[in-house]
Amino acid sequence: MTEEQGRKGPFLRGENTTRRIMGDVALALMPALTGSVYFFGIRSLLLVVTSVITCVLSELVWEWLTGKQITAFDFSAVVTGILIAFQVPVTTPVILIIISGIFAIIVVKQLFGGIGSNFMNPALAGRLLLMVVWPGKIIQYVPAAGTDAVSSATVLAAMKAGEQGNYSWLDMFLGYVPGALGETSKLLLLVGAGYLCYRGLINVKASLAYILTVLVVTFVLGGGHLFGGDPVTNLLGGSLILGACYMLTDYSFISARGRLIYSVAAGIITGLVRIYSSYPEGVCFGILAANCMVGLLARFEQKHVYGTKYDKDQKTAM
Amino acid sequence: MKDNGWKGIITLVIVTVIAFGVILGANYFGRGTDKETEQSVAGEQKEIDINSFGNVDPAIQSAYRILDEQGNAGGYKVVTKTKGYGGDLLLELVFDKNGDTITRMEVLEHNETEGLGALIKEPAFLEQFKNVPLPVTLKNAAAEPELPAEGTAFEDGTYTVEADQPDYNGYRNTMKLTITDGKMTEIIWDALDAEGKSKRVLSDNGEYVMTESGPTWKEQAEALAAAVIENQSTDFLSPDDQGKTDAVAGVSISITDFVTLVKQCLVQAAGTQMEGAQTADAAGSEDLTGSADAAGSADSGRGTTVDGVSGATISSRAVIEGIDKGYTFIKNYLGTLS
Amino acid sequence: MTERYPMVPAAFVIIFCSGTLKEALAAGILTIVLTVAASVLHELMCKAGVPEWSRIPSLLIGETALSYAAGRIAYSYVGGLTFDRGRMLVWLILGVLMACSFLWGKMHIDIDAVLFPMAVVYGLWMAAGLLRELLAYGEIFGRAFLEGGYLAKAFQSPIIGFLTAGVILGIANAVTNETSEERGSLLSILPAAALAVPIQLFSKWQPVNWILGILLVGVLVLSVRNRLNYSWTGKRMRGLPIELISTGLIYMVLTVVK
């Protein structure tokens, strides 16, 4: 997911490109958004809209107060807003969405310098804040509409508790499972991702590498004994597809091999968290941990720009 | 230059001496106020030497008397350690001065699953224990039924047990056990979903799927039943903390519900009625009652029933166990004072 | 490049002592006093011609002792603050860092110039203490004020401590037109990582936890620092403030290891 390509300043590609790219991403998320309203009710729409408005407003206010160039309408805040809402269950209190949005935009993105300068994915960091400070308030999952389910433990949580759930693979693929707003319907997410592929905005290799790594790790080490894991449930349950398609940042300053290493690292950590920690889902931690390690990667896998000498202070131009 | 050398040494010596003086002075002055606070600050805690009591339950980690402003015991604090689902559970309990109710409690450490067992930290769960008459029992929990004594004759017949409440997957457990000539000859374990559909049927026709390869739920239930009939007992199963057993080939599901149901049927067969529930740790046994609920729900006649965390029965029970052990300890302690 | 107030020591003490209004008030004043003391002592020694091989240990010993003493006495006499082992270490390390700032750091030795930035920091520090106390306990100065399901003890954690320190220094730099360098920021972050261990892997061997904490946080902070080479971080946040915020975020990610 290319969040980094638009940069401020006198470059060949300016704000218009960012707006187009981010607009495409927002468009790609629309099927999943429709799905969330279908599965979880109109409150999903309320949460998403609140989140988007909060993010855009935060960015607007910040840039106005600090006298910076106003980029609040380049759709990147919109995408962040949608993704923040997509990671929480429909029962989340609205105030927490607002706090998460403000934190994601101002602390994680703007304080570091705005789009392209932040090292952590803002949407994931926003969710991480909620998990750290108010963990109990964002785990009240409910069954999806159109199912017979009485229970509401997510697929991965049920698997971690040792009980296999009663959701068929089709259920998990279509989205008839309890879960966060945007993560349940893999079908709709993949439709959007397909659109992004068509527009050339997804790094397919990186996303696939990430998914495969998670599946391999959970298959080999999960399930209580060697090779006892359940790859299909790991693929279809939880936010793996959401994360792989929309939240794996694409870094322009490391080589293609470096980006692969980044995806694999994220995958390994996601898998380990799913198996060994007390959290049933590890996508958030995996990608964020990889975000932290990008600097190390950049040290060794720097993209070589032909015709220039690498100078530590030079901001790498495309 | 020599001058500077001297200056240097003198400065260093002076500074070091003054530094020591300053540190000692601070310690002296600081200690003065420490002593004062020891005596009169309300809330000061004085440790109780648990080792001085004979058979203290190993779950009790530490205990304190909380002094009020006059220096008398205004309350008691106990830290307990019990076994939860993912690991040890450390509870901090503050009792009132008679040890009758809990005024405050906190989960200090836990290893429970996020989103399930970890909900025991939430105020919604913990608030239930504040200022209510102790001891506490989990709603709809039955004590682990005691197997009738060796040699008790089982009456021939068919005995059924049904759970009142569904487990967190939405299925209500049921069991039908048949005794012929004093021995178990048939055990049928099933579970019904909200529409009354049977898990056995659903797993047979492929609607209830756990893993693609491996025995279905019904096959595992039947394997368990066969093993128990062959052994005429459930002891060999020895479920671990998560309810899994190694004793029967091909069975990988959690079996605590199954064991509880069998015992309840046997209790019926032996003609003894189940007693009103004790506190969940009364038996002190290794067995954990899983999410199976027996037909006779608990009401001990004293104390309070509370709601467990839905889907996290083992975690909830660990909390209850900690509370009751702390309560027992305090009551014993107060008994030794009089 | 010089700085007008001792940023690294201030950052370090803010991480730990901004949790309540009372502590912020006490710690802030003490930090100002210690800054002045270090400045005076250093200047005296320079003027007296004391050679460097003596100045260094003298300032280190003197400032550390003073810091310990000030902390001990202040905490003992202000009700509601406890001088436990953790706090003792904070004040000891603060003394060392303060001395270092004057000996090898970029401290511009000018008493007049230091007081204004310190006052700004102090004001922000107090505000942060007030906010954190409200959000964690619903109290101000120990008196109950708010109640509600959203009060979370997490606001007293080192995570929020790091974020607070970063934000305070960022704002202070903006107000006082000051900038900071990256060099030396690890001096405030690594001791903090040892005191506030992010991961408790071995409950029996605490020293291993400390070393692990320092290594892990150090590597990740350096990694983020390298990544930030490709960023356009604002002038005021660049250097120490943004590294503090990064550390806070890193700590958040590390909470997964329980």
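Reply: We begin with pLDDT, which is the predictor's confidence in each residue, on a scale from 0 to 100. This matters here since the model is predicted. Over residues 310–318 of chain A, pLDDT stays under 50, and the model has 13 contacts beyond four places in sequence for them; over residues 1–13 of chain A, pLDDT also stays under 50, with 41 such contacts.

Me: What does chain A average in pLDDT, and in which helix of chain A is confidence highest?

Reply: The average for chain A is 83, and 86% of the residues score at least 70. Confidence is highest in helix α5 (residues 94–110) of chain A, at a mean of 95, and lowest in helix α7 (residues 155–160) of chain A, at 80.

Me: Which residues have the most contacts inside the largest nonpolar core?

Reply: In soluble globular proteins, nonpolar side chains tend to be buried together. Here the largest nonpolar core has 164 residues, and A:Tyr246 and C:Trp91 have the most contacts inside it. Helix α14 (residues 283–300) of chain A gives the largest share of this core, 11 residues. A second, separate core has 36 residues, including A:Ile139 and B:Phe125.

Me: Which residues does C:Trp91 contact, leaving aside neighbours within four places in sequence?

Reply: Among them are C:Val13, C:Leu34, C:Tyr68 and C:Phe83.

Technical notes. Residues numbered from 1 in each chain as written. Chains lettered and ligands numbered in written order. Heavy atoms only, no water. Core = buried A, V, L, I, M, F, W, Y, C linked by side-chain atoms within 4.5 Å. Buried < 20%, exposed > 50% of the residue type's maximum accessible area, 1.4 Å probe, protein only. Helix = DSSP H or I, 4+ residues; strand = E, 2+ residues; numbered from the N terminus. Contact = heavy atoms within 4.5 Å.
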